Amino acid sequence: MKKPPNYRRQIGGDIWWPALVATAVKLLLIPAYRSTDFEVHRHWLALTHSLPLSRWYSDTTSQWTLDYPPFFAYFEKFLSLFATRVDPTMTHLHRGLNYASSRTIIFQRLSVTFSDVVLVYSAYRLTKNKRFSSSMRFLIWALVIWSPGLFIVDHLHFQYNGFLLGILLLSISYLEEGKDLTGGFIFAILLCFKHLFAVAAPVYFVYLFRHYCRGGLIKGFGRLVLMGSVVLAVFALAYGPFWYYGQIQEVFRRMFPFGRGLCHAYWAPNFWVFYIMLDKALGFSLVKLGFNIQAPKASFTGGLVGDSSPFALLPTITPLITFITVLLALSPCLVKAWRNPQPRMVNRWVSYAYTCGFLFGWHVHEKASLHFVIPLALTSLKRSVDAQHYFFLSIVSCYSLFPLLFEAQEYPIKVVFLLLHTVIMFLGFSSHFPGTTAATETIVQERDGKPPEPPSFRIGWLGKSYLFGLLAVEIWGQLLHPLIFGDRLPFLPLMMISIYCGLGMVYSWIWQLTQIVDL
């Protein structure tokens, strides 16, 4: 049944107050820590403002060369039109290097905050036509708009993930409404903003081919041509100018720097952490036993972005191997989308795709966990098991981001963000799933002729034990390690976070896979 206009206006009005609360918090974070990504994006402002388009992807004035797709470069160009009025030095190619005046800091921080309007609108679209109570709708908005991971990565560390994830959620919202052409169009736009979202492209292709391009040979082929034309038009708009100037090879060389190592400086908590540790453990053990092999080096934790050291025993992992591994992990999802393309499953499939990319991809950043944590917030209220999984996953994801903020003054901020998020989730999920906690009670209700209550939100002893283990890892890194080792083995606390959070991520991947197969 179609919702009345005043109903939608009420929802649209309701979403702005949590958005305003988030904005107030973001404004308070303006003077806080910022990473080198702040200078990266400032330099991109200067580069796109000072140089002609034909030199954007070939300039080497700074080590922070432009390596995002063209639409993001156009976005930086758009921002530079305002930035140069705020502080001209900010957009000067040479004088602006490592420049961070108060005006520059405020402008760049506010550019992230204003771009989050896309995330707010996408959260609104995803809830406006669904049968949610006001409390359910508010909880979803809180999980998305008040995400501690986005506060940490975007408004402290400094990036534009909220803006990009907003585009992704917009695409998903249109697909869930059956507006496949618009959903595919928006996803193509997203890929031209950040190519790392292409991990979900196989899911989009299979789903749209089976769901949109149906209705017989002629109609299906016509829709395939229409969808293909729309996607090609988007890519032509993005890459056409660079093709015209003969820069297309430079663009792709910057976007796909396969010379980088398997892991980032701080290991993302994924499958390759365990592969690396197994190789090192085997290597050191065999060296101790007297075998003549090259002892594995510890360059994986050296803090540099570059080629990883060769493995001592296990086969060396190449980008092609990670690509094949991701596709193999995706295959059950693709089969499911092919056999039964359902709009209600799109969000789960897309989230699972990004989980596979995070676990098995090449040179994955820890921040990439947001690509599946944020979308999964939208399914967290469907069943109690979804809520339990999301509660677990979002805590693990947020904690895995803690090493991004390594200065003492930001430590209370990230801890408070995680604790508040945990409390909001616990209270919200407990309120939404207040049903019985034991199967025997449900059986009694059925025998009495009463409909069974939905299962309650409840974290089992294994999940609780794991989550308390995060506290143990943090106590070790903050208190015990400095007392026992002093300045020695500085990589050990980070390695423990990667390994322990990696266990949680692998569990989440397995859980999502079982749900996709069963649903």
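Q: What makes the five spaces found in a search of the whole structure count as cavities?
A: This is a predicted model, and a search of all of it turns up five cavities of 30 Å³ or more. They are called cavities because a 1.4 Å probe fits inside but cannot get out.

Q: How do you know which residues line the largest cavity?
A: Lining residues have an atom within 4 Å of a cavity point, so Ser147, Pro148, Gly149, Leu370, Val373, Tyr390, Ser394, Ser397, Cys398, Leu401 and His421 make the list. The space they line has a volume of about 60 Å³. Helix 8 (148-158), helix 17 (370-376) and helix 18 each give two or more residues to that lining, and helix 18 gives the most, with four.

Q: Why is the second largest pocket, at about 540 Å³, called a pocket?
A: Because a pocket is an open set of points with protein on both sides. The second largest pocket has 17 lining residues, with Ile395, Leu418, Leu419, Leu467 and Leu471 nearest its centre. Helix 18 (384-400), helix 19 (411-432) and helix 21 each supply two or more residues to its lining.

Q: What makes Phe468, Leu471, Ile475, Leu479, Leu480, Leu483 and Ile484 a nonpolar surface patch?
A: Patch residues have over 30% relative accessible area, and nonpolar side chains are joined within 5 Å, so these seven residues count as a patch. The patch covers about 730 Å², and one of its members, Ile484, lies in helix 21 (residues 461-485).

Notes. Residues numbered from 1 in each chain as written. Predicted model: local features only at pLDDT ≥ 70, side-chain atom pairs only at ≥ 80, totals over all residues. Heavy atoms only, no water. Patch = residues over 30% accessible without salt bridge, like charges linked within 9 Å, V, L, I, M, F, W, Y side chains within 5 Å. Areas by Shrake-Rupley, 256 points an atom, 1.4 Å probe, with all protein chains shown as cover. Salt bridge = Lys/Arg side-chain N within 4 Å of Asp/Glu carboxyl O. 1 Å grid on protein atoms, 1.4 Å probe; cavity = no way out; pocket = protein on both sides within 12 Å on 5 of 7 lines; lining within 4 Å. Points joined across faces, edges and corners; volume = space filled by probe spheres on them.
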